[in-house]
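Take a look at the chain shown here.

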Amino acid sequence: ACAWSGRRRRLAIPTLPPLVVEAMRGNAAIRVFYGFIISFLAFILRTEKFGHTSDKLALGGLAVAIAAGGLLGTGIGSALRARAPQLLIFIVLALTTAITALCAIMFGLIAVLAAALAAAIAQTLVKASLDSILQRDIPEERRSSAFAFSETVHQLALVVGGLIGLALSLTNSGLTGLTIAAIGLALSLCSLLLARRHRILRTQSARFGS
């Protein structure tokens, strides 16, 4: 009974401030995209032909782009030192959407590697921003459970993205996959912006109503 009770406490969804929920939603969108990119491109690079470039060389380029993106994201995050993390999440989501759409339009090996690089940079920056927001907005006594919940959600988002990428790889069309990814990112960004606008209007209405 004690073990079950402890397990339930670990699985319980913590009550989170609106800004934290917003940051987690943005992070989840980027994590789904990152999982999608890794899974989808790993399969597409085996079937798409990019001139005389072999699939092994293309897959090696993908691995390098992802690794380089992680390093660049870490470096950029360290340079920014968590300045305006909430704003950074929106900027990263918007830029990643635009880059993915451009890569879909200009589909080719360079575009594929650019999309992978952007995905790796984005997920590193957004994760750092979310951690900063959790550290800032969650009281110390609830922080560990909030971090645990956040990590669980975003690991699930990564898995979901990977499964979507695997499913779309069956189309054997890199253009189709990147186009759908760009649309998904755009919808996520619009959803976050609308939710923020609604929250601000509701706060203003409550303030003036009182």
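The questions below go from the overall fold to single residues.

This is a predicted model, in which local features need pLDDT of at least 70, side-chain atom pairs count only at pLDDT 80 or more, and totals for chains, interfaces and linings use all residues. Residues are numbered from 1 along each chain as its sequence is written, and side-chain values use heavy atoms, with hydrogens and water left out.

Q: How many helices and strands are in the chain?
A: Helices (H or I, at least four residues) and strands (E, at least two) are DSSP runs, numbered from the N terminus. The elements run α-α-α-α-α-α-α from the N terminus on. The count is 7 helices and 0 strands.

Q: What percentage of the residues of the chain count as buried?
A: Buried means under 20% relative accessible area, exposed over 50%, and partly exposed in between (1.4 Å probe, protein chains only). The C-alpha atoms fill a box of roughly 65 × 50 × 35 Å along the principal axes. Of the 210 residues, the buried share is 40%.

Q: On which residue is the kink in H2 centred?
A: Helix H2 (residues 18–47) has 30 residues and reaches 44 Å from its first C-alpha to its last, close to the 44 Å expected at 1.5 Å a residue. That expected span is 1.5 Å times one less than the number of residues. The bend at a residue is the angle between axes fitted to the seven residues ending there and the seven starting there. H2 has a kink of about 25°, centred on Leu-41.

Q: Which residue meets Glu-22 in a salt bridge of 2.8 Å, N to O?
A: A salt bridge is a side-chain nitrogen of Lys or Arg within 4 Å of a carboxyl oxygen of Asp or Glu. By this rule the count comes to 5. Glu-22 is buried, at 4% relative accessible area. Its partner in that bridge is Arg-196.

Q: How many residues apart in sequence are the parts tied together by Arg-196 and Glu-22?
A: Glu-22, Arg-196 and Arg-199 are linked in a network of salt bridges. Arg-196 lies in helix H7 (residues 174–209) and Glu-22 in helix H2, so the tied parts are apart by 174 residues.

Q: Why are Lys-127 and Asp-131 separated by about one helical turn?
A: An α-helix has 3.6 residues a turn, so residues three or four places apart point the same way. The side chains of Lys-127 and Asp-131 meet in a salt bridge at 3.0 Å, N to O. They are about one turn apart because their spacing in helix H5 (residues 109–137) is 4 residues.

Q: Where does Asn-172 lie?
A: Phi of Asn-172 is near 55°, a positive value in a residue other than glycine. At 47% relative accessibility, Asn-172 counts as partly exposed. Its place is the loop between H6 and H7.
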